[in-house]
Amino acid sequence: MHQPAITGTGVFTPAEVISNDELVHSFNAYADRMNARHAAAIAAGEAEPMQHSSVEFIVQASGIENRRVVNKSGILDPEVMHPLLRARADDEPGLMAEMAVAACSDALEMAGVAPAEVDAVICAASNHERPYPAIAVEIQNLVGTSGFGFDMNVACSSATFGIQAAADMIRAGSIRKALVVNPEVCSGHHEWRDRDCHFIFGDVCTATLIEREADATGPHFTIRSTRLATEFSNNIRNNNGFLRRTRPGHMEDRRDMLFVQEGRKVFKQVLPLVCAHIAGHMKDEGIEAADLKRLWLHQANKTMNDFIGKKVMGRTPTPEEQPNILQDYANTSSAGSIVAFAQHSDDMADGDIGLICSFGAGYSVGSVIVERKSAA
Ligand code: COA
């Protein structure tokens with residue numbers, strides 16, 4: 001068995017930013033237009049008027065202040081309310097692959113690894129822009145890696161599930177190096193017209209290079225242990241899929257063809273699941289709360305993270321111990337905990353232990369316990 005380690009990370013951040021102010025302004029303009037359009041039905045009591053959104057609510061309910069997106073103009077246009085992206089020819093890089101190339105290049109550079117040394121690409125994300133050829137194989141081709149690639153989807157937990165898959169292959173010896181890539185174009189499957197959730201998502205892409213620790217040439221994170229769990233729930237769901245055209249009415253602009261959630265239920269059900277998962281993982285690894293120097297959590301909601309952090313640490317963690325990035329990025333699905341890890345781990349000392357945890361639809365939860373090694 002070989003010991004796996006994370007030796008490089010990369011984050012591709014889209015250039016366009018939407019503030020809460022901008023988002024609420026355009027949502028309220030959309031609501032006003034819809035109310036005007038349906039004024040007669042509303043006056044007759046046959047339809048409910050749309051309510052305005054508010055910046056205060058968004059910050060208080062989620063902690064989100066800004067989100068990065070691949071296209072801002074479409075999302076903010078009250079007559080459009082979704083990203084507008086040009087159609088690409090089959091021989092051009094797709095959007096997810098393009099984002100992935102940028103994140104992978106940074107991860108490879110950080111690790112000092114040449115693309116051809118990489119044996120596997122796992123494209124782990126909550127949506128893939130087409131079923132086949134796999135996005136991972138396209139990334140393999142564009143980055144110039146060897147071996148093979150495959151796509152996987154475990155919604156918001158995709159990154160930790162991908163890390164375990166790669167780490168296990170490295171442990172077993174079937175590969176030496178892998179890139180786990182999380183191109184999350186959440187803006188494409190989000191319902192920007194729904195007041196209850198229009199503020200929660202953003203776009204980003206993360207990449208993690210995992211290799212045999214014996215091959216590491218610089219500072220890195222030993223993967224001490226990984227743990228995954230799933231439990232079926234319909235409280236976060238998206239009914240879009242390839243059987244859509246076979247069902248009468250499914251080609252219409254239906255709410256359930258985009259991200260849908262019962263936010264309150266998710267909150268109540270996922271928190272105990274995640275807290276118990278982390279506690280069990282730490283106990284089995286003989287890690288006490290006092291041993292844990294950092295917690296990189298899934299970035300969906302600040303109140304959720306505050307709750308988990310307090311439960312895991314047995315006290316309120318400092319912002320340095322439990323870094324949040326959701327205020328700047330919003331929920332970027334599987335990429336969120338990896339953005340936090342990539343941006344808030346350089347300062348850790350030799351031997352420091354940290355835990356990456358992602359959770360979401362499925363329900364699913366994954367945790368990765370890592371130990372900082374300041375030199376190869
Ligand atoms: N602006 C103003 N008011 C709003 C609003 C908005 N954008 N959206 C909802 N409200 C109102 C609601 O109508 C409701 O009003 P009422 O009390 O009069 O009925 C009130 O605010 C509370 O709404 P609710 O949806 O219960 O808010 P919440 O506190 O649960 O926060 C989420 C909503 C989505 C932020 C929160 O539920 C959440 O983060 N859940 C977990 C999500 C998660 O982890 N998902 C994983 C996805 S990967």
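Me: What makes helix 11 (residues 336-343) largely enclosed by the rest of the structure?

Reply: The model is a predicted one. A residue is called buried when its relative accessible area is under 20%. Seven of the eight residues of helix 11 are buried, so the helix is largely enclosed by the rest of the structure.

Me: Which residues of helix 11 are buried?

Reply: They are Gly336, Ser337, Ile338, Val339, Ala340, Phe341 and Ala342.

Me: Why is serine 333 called buried?

Reply: Serine 333 has a relative accessibility of 2%, and the limit for buried is under 20%. Serine 333 therefore counts as buried. Its place is in the loop between helix 10 (326-329) and helix 11.

Me: What is noted about the phi of serine 333?

Reply: Serine 333 is not a glycine, yet its phi is positive, at about 55°. Most residues other than glycine have a negative phi. Alanine 155 also has a positive phi, near 50°. This alanine is found in the loop between strand 5 and helix 7.

Me: Why is alanine 155 called buried?

Reply: The relative accessible area of alanine 155 is 14%. Buried means under 20%, so alanine 155 is buried.

Me: Where is serine 157, and which residues does it contact?

Reply: Serine 157 lies in the loop between strand 5 (148-152) and helix 7 (158-172). Leaving aside neighbours within four places in sequence, serine 157 is in contact with Ser358, Phe359, Gly360, Ser364, Val365 and Gly366. With 0% relative accessibility, serine 157 counts as buried.

Me: How do you know that the side chain of serine 157 makes a polar contact with the side chain of serine 364?

Reply: The distance given for this pair is 2.7 Å, and a polar contact requires N or O atoms within 3.5 Å. A polar atom of the serine 157 side chain also lies 3.5 Å from the backbone oxygen of serine 358.

Me: Why is arginine 227 called partly exposed?

Reply: Arginine 227, found in strand 8 (residues 220-230), has a relative accessibility of 25%. Partly exposed covers the range between buried, under 20%, and exposed, over 50%. Arginine 227 therefore counts as partly exposed.

Me: What does arginine 227 touch?

Reply: Not counting residues up to four places away in sequence, arginine 227 touches several residues, including Gln164, His277, Gly280, Asp284 and Val365. A polar atom of its side chain is 3.5 Å from the backbone oxygen of glycine 280. Arginine 227 and isoleucine 278 are 51 residues apart in sequence, and their C-alpha atoms are 8.8 Å apart in space.

Me: Is alanine 289 buried or partly exposed, and what makes it so?

Reply: Its relative accessibility is 23%. Because buried means under 20% and exposed means over 50%, alanine 289 counts as partly exposed. This residue is placed in the loop between helix 8 (263-284) and strand 11 (292-297). Alanine 289 touches Met282, Val312 and Met313, not counting residues up to four places away in sequence.

Me: Why is aspartate 256 called buried?

Reply: The relative accessible area of aspartate 256 is 19%. The limit is under 20%, so aspartate 256 is buried. It is found in the loop between strand 9 (236-237) and strand 10 (260-261). A polar contact of 3.1 Å joins its side chain to that of arginine 254.

Me: Which peptide bonds are cis?

Reply: Among them are the bond from tyrosine 132 to proline 133, with omega near 0°, and the bond from glycine 362 to tyrosine 363, with omega near -10°. Most peptide bonds are trans. Proline 133 is in the loop between strand 4 (120-124) and helix 6 (135-143), and tyrosine 363 is in the loop between strand 12 (353-360) and strand 13 (364-373).

Me: How do you know that the radius of gyration agrees with that of a compact globule?

Reply: For 376 residues, a compact globule would have a radius of gyration near 21 Å; the protein chain has 21 Å, so the two agree. The chain has 11 helices and 13 strands, and 53% of its residues count as buried.

Definitions and conventions: Residues numbered from 1 in each chain as written. Predicted model: local features only at pLDDT ≥ 70, side-chain atom pairs only at ≥ 80, totals over all residues. Heavy atoms only, no water. Helix = DSSP H or I, 4+ residues; strand = E, 2+ residues; numbered from the N terminus. Rg over C-alpha atoms; globule rule 2.2 N^0.38 Å. Buried < 20%, exposed > 50% of the residue type's maximum accessible area, 1.4 Å probe, protein only. Polar contact = N/O pair within 3.5 Å; in protein donor to acceptor, adjacent residues only side chain to side chain. Contact = heavy atoms within 4.5 Å.
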